[in-house]
Amino acid sequence: MRIRRHLFGLSFVLAIGGLAVAAPRPTAAFDYVANGGFEDGIVPWSASPTVAFDTVDASVVQPRERSSSARIAVSGSSDFLIRQTSWAGTPAGSYHFSAWVRITSQSTVVYAEVSERGTLNTITITAPGRPDTWVLLAGDIDVTGFTDVIITIGGHGASGDVIYVDDVRFDGGLP
């Protein structure tokens with residue numbers, strides 16, 4: 001009798017534990033974009049070698065969120081980009097990407113690209129040229145398998161152009 005009670009109790013615990021493991025777990029933007037608000041400087045972002053890349057506070061430009069934003073100053077070559085890879089991997093599912101950008105010259109072209117490492121699965125969003133205004137770049141992507149996701153913000157401008165970036169997110173969950 002006692003053995004049956006223990007077996008019943010153990011079966012119940014295992015069944016509840018199995019449900020907890022099988023339940024989908026939501027994923028969130030800040031799990032996959034480190035320092036998307038640039039509050040901790042520019043780490044872990046990387047930039048093309050032909051730009052000056054740093055962070056600024058509200059005394060330079062009013063950030064989109066919190067107290068800092070990234071600044072990309074174009075010099076030499078007119079192409080620029082900043083990039084971050086989610087080295088921890090991203091589970092398969094539907095995701096929403098968003099980033100705010102601000103340009104200082106009408107001739108600057110800015111785009112955002114989100115892609116799965118090693119596949120052709122990519123979304124590219126181009127920003128309208130509106131100087132001195134925060135513009136939202138946003139789009140959706142279905143990640144097909146557990147993989148690293150690469151987020152790139154880049155474009156083309158003249159030497160001396162400045163681009164600000166803030167509030168970069170990668171939101172989503174399991175389907």
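Student: How many cavities of 30 Å³ or more does the count come to?

Tutor: The count comes to 1 cavity of 30 Å³ or more. Bear in mind that this is a predicted model.

Student: What volume does the largest cavity have?

Tutor: The volume of the largest cavity is about 50 Å³.

Student: And which residues line it?

Tutor: The lining of the largest cavity is made up of Val 101, Arg 102, Ile 103, Thr 108, Ala 127, Pro 128, Gly 129, Arg 130, Thr 133 and Val 135. By class, that lining has 5 nonpolar, 3 polar and 2 charged residues.

Student: Which element gives the largest share of the lining?

Tutor: E5 does, with 3 residues.

Student: OK, the core then. Which of its residues touch the most other members?

Tutor: The largest nonpolar core has 33 residues, and those touching the most other members are Phe 97, Val 110, Ile 151, Ile 153, Val 165, Val 168 and Phe 170.

Student: Take Phe 97. What does Phe 97 touch?

Tutor: Leaving out residues up to four places away in sequence, Phe 97 touches Ala 112, Val 114, Ile 125, Leu 137, Ala 138, Gly 139, Ile 151, Val 168, Arg 169 and Phe 170. There is also a second, separate core of 6 residues, including Val 56, Val 61, Trp 100 and Trp 134.

Student: Ala 112 was in the Phe 97 list. Which residue stands opposite Ala 112?

Tutor: Ile 125 in E7 stands opposite Ala 112. Strand E6, residues 109-116, runs antiparallel to E7, and 5 bridges join the two.

Student: What is the strand order in the open sheet?

Tutor: The open sheet has 5 strands in the order E1-E4-E9-E6-E7, with antiparallel pairing. Strand E1 (46-47) and strand E7 (122-126) are at the edges with a single partner strand each, so one side of each has no neighbour in the sheet.

Student: Zooming out, how many helices and strands are in the chain?

Tutor: The chain has 2 helices and 10 strands. Along the sequence the pattern is α-α-β-β-β-β-β-β-β-β-β-β.

Student: What percentage of the residues count as buried?

Tutor: Of the 175 residues, 42% count as buried.

Student: And the contacts, how many join residues at least 24 apart?

Tutor: Counting contacts between residues at least 6 apart in sequence, 77% join residues at least 24 apart.

Notes
Residues are numbered from 1 along each chain as its sequence is written. This is a predicted model: local features need pLDDT of at least 70, side-chain atom pairs count only at pLDDT 80 or more; totals for chains, interfaces and linings use all residues. Side-chain values use heavy atoms; hydrogens and water are left out. A nonpolar core is a set of buried Ala, Val, Leu, Ile, Met, Phe, Trp, Tyr and Cys residues joined through side-chain atoms within 4.5 Å. Buried means under 20% relative accessible area, exposed over 50%, partly exposed in between (1.4 Å probe, protein chains only). Contact means heavy atoms within 4.5 Å. Two strands pair if DSSP finds at least two bridges between them. Helices (H or I, at least four residues) and strands (E, at least two) are DSSP runs, numbered from the N terminus. On a 1 Å grid over the protein atoms alone, a cavity is a set of points where a 1.4 Å probe fits but cannot get out, and a pocket is an open set with protein on both sides within 12 Å along at least five of seven lines; lining residues have an atom within 4 Å of a point. Grid points are joined across faces, edges and corners, and a volume is the space filled by probe spheres set on the points. Ala, Val, Leu, Ile, Met, Phe, Trp, Tyr, Cys and Pro count as nonpolar, Asp, Glu, Lys and Arg as charged, and the others, Gly among them, as polar.
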